[in-house]
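Me: I have a structure to look at with you. Let us go through how its inside is packed, one question at a time.
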Amino acid sequence: MMKNTKKLYMTIAGLIGLAVILIGTYFYTGRTNSQQAKAIPKVGVLQLMSHPALDQINKGIDDTLKKNGYIDGKTVHIEFQNAQGDQSNLRTISKKFVQDNVDVAVGIATPAVQSLMNATKTTPIILGGISNPVGSGLIKSEKRPGGNVTGVAGTSPLKDQLTLMEQVIPNLKTIGIIYTSDDSPAASQVQEMKNLAQKDGIDVKISTISGINDLQQVATDLSNKVQTIYVPTDNTVASGMKLLSSIAAKKNIAVFPGATTMVKDGGLATNGISQYELGVKTGEHVVRVLQGKENTATTPVTNVNKGHIMLNEKMAKKLHIKFPNYLIQKAKKDGQIIK
């Protein structure tokens with residue numbers, strides 16, 4: 001009887017011991033998995049709207065993160081959100097990034113950065129190719145931003161752009177410019193282009209739109225008054241670039257956009273900055289923040305202002321325009337020709 005009782009006690013003790021081991025293993029494994037999940041950084045990317053220029057910035061960011069070992073779903077969690085040009089979407093997404101405790105947030109286009117800044121004063125925010133971050137009130141200075149924001153500024157070489165227009169359009173006397181009235185970075189480019197053109201004795205006619213629905217009427221009216229049209233790096237106009245170029249082409253008017261991606265959508269030519277390059281530089285800032293090597297308050301903004309010649313030969317044929325040979329050679333060497 002005693003032997004059976006003793007044997008029963010030993011069996012129960014063994015089972016209890018096994019249960020303790022299993023429970024301990026469960027909690028240890030769970031804690032380890034939790035720690036590993038927590039160790040994977042989170043990156044929130046907020047894009048204002050969909051169009052090729054902004055999409056190329058995002059692609060440059062993604063490619064740079066991958067190049068540095070940050071693979072989405074494995075070594076980093078990338079939360080990409082597109083606000084589709086809606087202010088309420090911008091606010092909602094920005095708040096969600098903060099609630100999700102992202103390690104770094106990226107704003108692609110000025111309104112996206114402004115929304116992120118309103119949502120957090122502590123999470124590092126990286127500028128995704130903003131044309132005028134100081135003038136837009138996003139940072140104190142490019143050399144020393146002074147807060148939780150730094151990143152990349154993309155400045156179009158406007159003097160070179162004007163020279164290109166003068167080289168392609170003989171006896172250029174009148175330039176039309178279209179931009180969105182509430183786009184302050186675009187407005188600063190327009191003013192600079194106007195000043196440069198007037199110094200060369202060129203008359204400038206400026207038209208604004210309040211939204212994409214205004215573009216058709218404004219473009220039609222402006223095409224009747226000018227020899228060519230210049231478009232700054234304006235997100236709203238960029239989203240309607242195909243419409244703008246088709247309207248202008250009916251009047252045999254060429255459109256010179258500020259971004260290379262806009263040439264692919266029907267622009268004739270540009271000496272503009274690469275949106276993909278902006279994305280690559282933006283991604284480099286993100287990587288340094290994730291590695292603990294960058295302090296947004298003291299890290300200078302990276303300024304991308306080198307222009308690349310892009311020529312649209314298909315549009316040139318449509319408009320009966322012949323590019324000078326030296327421009328073709330320059331585009332082949334450091335740019336692109338769309339055939």
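Me: How many residues does the largest nonpolar core have?
Reply: This is a predicted model. In general, nonpolar side chains in soluble globular proteins tend to be buried together. Here, Val 43, Leu 46, Leu 65, Val 106, Val 113 and Val 286 have the most contacts inside the largest nonpolar core. That core has 43 residues.

Me: Which element supplies the largest share of this core?
Reply: Several elements supply at least two residues each, including β1, α2, β3 and α11. The largest share is five residues. It comes from α11.

Me: How many residues are in the other core?
Reply: Another core lies apart from the largest one. Among its residues are Ile 175, Leu 196, Leu 319 and Ala 331. The count for this other core is 34 residues.

Me: Within what arc do the buried residues of α5 fall?
Reply: Helix α5 covers residues 158–168. Its buried residues are Leu 158, Gln 161, Leu 162, Leu 164, Met 165 and Val 168. Seen down the axis of α5, they line one face of the helix, because they fall within an arc of 155°.

Me: Is α3 oblique or roughly parallel to α4?
Reply: The axes of α3 and α4 are 9 Å apart. Residues in the contact include Leu 90 and Phe 97 of α3, and Ala 112 and Leu 116 of α4. The helices pack at an angle of about 50°. Angles under 35 degrees would count as roughly parallel, so α3 is, relative to α4, oblique.

Notes
Residues numbered from 1 in each chain as written. Predicted model: local features only at pLDDT ≥ 70, side-chain atom pairs only at ≥ 80, totals over all residues. Heavy atoms only, no water. Core = buried A, V, L, I, M, F, W, Y, C linked by side-chain atoms within 4.5 Å. Buried < 20%, exposed > 50% of the residue type's maximum accessible area, 1.4 Å probe, protein only. Helix = DSSP H or I, 4+ residues; strand = E, 2+ residues; numbered from the N terminus. Arc of directions from axis to C-beta. Axes fitted to C-alpha atoms, helices over the stretch in contact; angles between N-to-C directions. Parallel < 35°, antiparallel > 145°, perpendicular 65-115°, else oblique. Contact = heavy atoms within 4.5 Å.
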